[in-house]
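Q: Could you walk me through how to read a few features of a protein model?

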Amino acid sequence: MSDQHRHDPDQSYNENDAHDHGNGGGAHHPDAPSEIEARTLALESLLIEKRILTSEDVDRVVSAYEHDIGPMIGAHLVARAWLDPGYRRRLLKDAPAAVRELGYEYHADTRLVVIPNQPGIHNMVVCTLCSCYPWMVLGLPPTWYKSAPYRSRAVSEPRAVLAELGLQLPDEVAINVWDSSAELRYMVLPERPAGTEGWTEEELAKIVTRDCMIGVARPQLPALVGTR
Ligand code: FE
C-alpha cells in the first residue's frame with residue numbers, strides 16, 4: 001500500500017503564517033538570555049511600552065501553557081470518544097464544538113480536525129512548512145516536531161520515521177500524513193487498545209499520550225510494559 005501525503009486543497013500556505021510560538025518563556029530566567037530569549041524579551045518590552053499588552057497578559061499566557069493547556073485536554077477528548085460513540089461522531093464532525101462540550105475553550109480562529117486511526121490505516125501529523133500544531137488540545141509542541149528532519153522525512157519516509165520513534169507498523173498498514181497549516185490543525189484519534197474493557201474515562205485518558213495524538217505512538221497498556 002502506498003503512503004499518502006494529505007493536504008487540504010483549499011488551504012494555501014500563508015507567508016505571514018500566524019504562529020503560536022513566541023509567547024512563552026524567558027521573562028524570569030535567571031541566566032543570561034539566549035539570542036532568541038533576548039529577542040523575545042525585547043519584543044515583549046516593546047509591546048508593553050506601546051500598551052498593546054501588559055506584563056500580566058504575558059504571565060497569564062505563560063501560566064495557561066504551564067498548568068491548563070496540554071495533552072491532558074486531548075487525552076480527555078480521546079477517552080470520551082472511546083466510551084461514547086455519539087461523542088466520537090461529534091468530535092470527528094466538529095472538533096472545536098466537541099472540545100467546548102467538555103468545558104474547554106476553543107478559539108474559532110483556527111480549524112481543528114480530528115483524524116481517526118482505523119484497522120489498517122494509521123495517521124500522523126506534521127507541519128512541513130514550520131511547526132503548526134493543535135496547541136489548544138495538546139499544548140506546546142515537542143522540539144522534534146519543529147525539527148527540519150521530522151518535517152521533511154515525515155512526508156518522504158513516514159514508515160522509517162515512525163520506526164525510529166519506536167512505532168513499527170506492519171507493511172499492510174497504510175500511513176496517511178496530514179500536513180498542518182496556520183489555519184488548519186490536525187489531531188489523531190488513536191484506536192482503543194484491546195484489554196481496556198471496563199476502564200473508566202480517567203484510566204483510559206492516562207494511556208493517551210501526546211505522541212499518540214500526533215500519531216507517532218500507539219496507546220500502551222502499563223501492565224504489558226511491566227511484564228516484558
Ligand atoms: Fe507552522
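**Contacts, strands and a helix pair**

A: Begin with contacts: two residues are in contact if their C-beta atoms, placed from the backbone, lie within 7 Å. Among contacts in this chain between residues at least 6 apart in sequence, 69% join residues at least 24 apart. The model is predicted: local features need pLDDT of at least 70, side-chain atom pairs count only at pLDDT 80 or more, and totals for chains, interfaces and linings use all residues. Residues are numbered from 1 along each chain as its sequence is written.

Q: How many helices and strands does the chain have?

A: Helices (H or I, at least four residues) and strands (E, at least two) are DSSP runs, numbered from the N terminus. The chain has 12 helices and 5 strands.

Q: Is strand β5 mostly covered or uncovered?

A: A residue is buried if 20 or more other C-beta atoms lie within 10 Å of its own, exposed if 12 or fewer, and partly exposed in between. In β5 (residues 184–189), 5 of the 6 residues are buried; of the chain's 228 residues, 27% are.

Q: Which way do β2 and β5 run, parallel or antiparallel?

A: Strands pair if DSSP finds at least two bridges between them. Here 6 bridges join β2 (residues 111–116) to β5, and the two run parallel. Val113 stands opposite Tyr186 in β5.

Q: At what angle do helices α3 and α4 cross?

A: Axes are lines fitted to C-alpha atoms, for helices over the stretch in contact, and angles run from 0 to 180 degrees between N-to-C directions. The axes of α3 (residues 71–83) and α4 (residues 85–93) come within 5 Å and cross at roughly 130°. The contact is made by Leu77, Arg80 and Ala81 of α3 with Tyr87, Arg88 and Leu91 of α4.
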